[in-house]
Amino acid sequence: MHTLVIDGHPNPNSLCAALATRYADAHGDARILAVRDLAFDQNLRFGYTKRQELEPDLREAWTAIQEATRIVLVTPVWWGSVPSLLQGFFDRLLLPRMAYDPSGTFPKGLLKGRSARIIMTADSPGTYLRLTGNTPVRQLKTHVLGFIGLSPIAVTRFSPVKTSTAEKREQWLAEASTLGENDARRYLPAPSPALMS
């Protein structure tokens, strides 16, 4: 599998879910991992002081992440961050000695060699996010995906959702399709000449 699309919205009928589907369908070599469909405890109950075994769904999610060469994260912005469901997914799965090596002076990401895209929805207009320092983008780019080694990381934001029209949302869905097509052209390996004959 080449591209893993992680849908971090709790609602299967959300704009995020539709964006993830449109991106994956247009891409042609992408699998959607909807975090809401996974059975796992969102709480890292012991912090990092004691091992908390991964549930089967989290083990499968980790395998999918390792097999992917590109990660696309689709999430809404809630309270300047991501939904607690997605944060719990990060807390439980992106662990020391799995996703990053904490042993040096600076932690080292262990998922290098993978690129990423963030597709984000928000109710706040872009001007507000720029005034407040665009915390959600910085969190995801620097403190999550970049921290575990993903690079480069592209960001696409669709906002404001709350006041958007049906026409505007359809435009955003079409843009997600275009992103999927363009990313497939850019990141999919070229077919082998032997397979083309």
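**Stop 1**

Select Ser81, which sits in the loop between β3 and α3. Before going further, note that this is a predicted model: local features need pLDDT of at least 70, side-chain atom pairs count only at pLDDT 80 or more, and totals for chains, interfaces and linings use all residues. Numbering starts from 1 along each chain as its sequence is written, and side-chain values use heavy atoms, with hydrogens and water left out. Element names come from DSSP runs numbered from the N terminus, with helices being H or I of at least four residues and strands E of at least two.

Which residues does Ser81 touch, leaving aside its neighbours within four places in sequence? Pro76 and Gln139, where contact means heavy atoms within 4.5 Å.

**Stop 2: α2 against α3**

Colour helix α2 (residues 56-67) and helix α3 (residues 84-93): they pack at an angle of about 80 degrees, with axes 11 Å apart. That makes α2 roughly perpendicular to α3, a label for angles of 65 to 115 degrees. Axes here are lines fitted to C-alpha atoms over the stretch in contact, and angles run from 0 to 180 degrees between N-to-C directions.

Show side chains for Leu58, Ala61, Trp62 and Ile65 in α2, which meet Phe89, Arg92 and Leu93 in α3. By class, the contact of α2 with α3 has six nonpolar, no polar and one charged residues. (Ala, Val, Leu, Ile, Met, Phe, Trp, Tyr, Cys and Pro count as nonpolar, Asp, Glu, Lys and Arg as charged, and the others, Gly among them, as polar.)

**Stop 3: a ring pair**

The count comes to four aromatic pairs, meaning rings of Phe, Tyr and Trp (its six-membered ring) with centres within 6.5 Å. One of them is Phe40 with Phe89, edge-to-face at 6.3 Å centre to centre and 70 degrees between the planes; edge-to-face means planes over 60 degrees apart. Phe40 lies in the loop between β2 (30-34) and α2 and Phe89 in helix α3, so the pair ties together parts 49 residues apart in sequence.

**Stop 4: the cavity**

How many cavities of 30 Å³ or more does a search of the whole structure find? One. On a 1 Å grid over the protein atoms alone, a cavity is a set of points where a 1.4 Å probe fits but cannot get out, and lining residues have an atom within 4 Å of a point. The largest cavity holds about 90 Å³ of space, a volume being the space filled by probe spheres set on the points, which are joined across faces, edges and corners.

Select its lining: Ile6, Ile65, Ile71, Leu73, Phe89, Phe90, Leu94, Leu111, Leu145, Ile148 and Leu150. β3 (70-76) and α3 are the elements that give two or more residues to this lining. By class it has eleven nonpolar, no polar and no charged residues.

**Stop 5: two cis prolines**

Finish with Ser151 and Pro152, joined by a cis peptide bond with omega about -5 degrees. Pro152 is in the loop between α5 (135-145) and β7 (153-158). The peptide bond from Ser159 to Pro160 is cis too, with omega near -10 degrees, and Pro160 is in the loop between β7 and α6 (166-187).

Definitions and conventions: Angles under 35 degrees count as roughly parallel, over 145 as roughly antiparallel, 65 to 115 as roughly perpendicular and the rest as oblique. Rings of Phe, Tyr and Trp (its six-membered ring) pair if their centres lie within 6.5 Å; planes under 30 degrees apart count as stacked, over 60 as edge-to-face and the rest as tilted. On a 1 Å grid over the protein atoms alone, a cavity is a set of points where a 1.4 Å probe fits but cannot get out, and a pocket is an open set with protein on both sides within 12 Å along at least five of seven lines; lining residues have an atom within 4 Å of a point.
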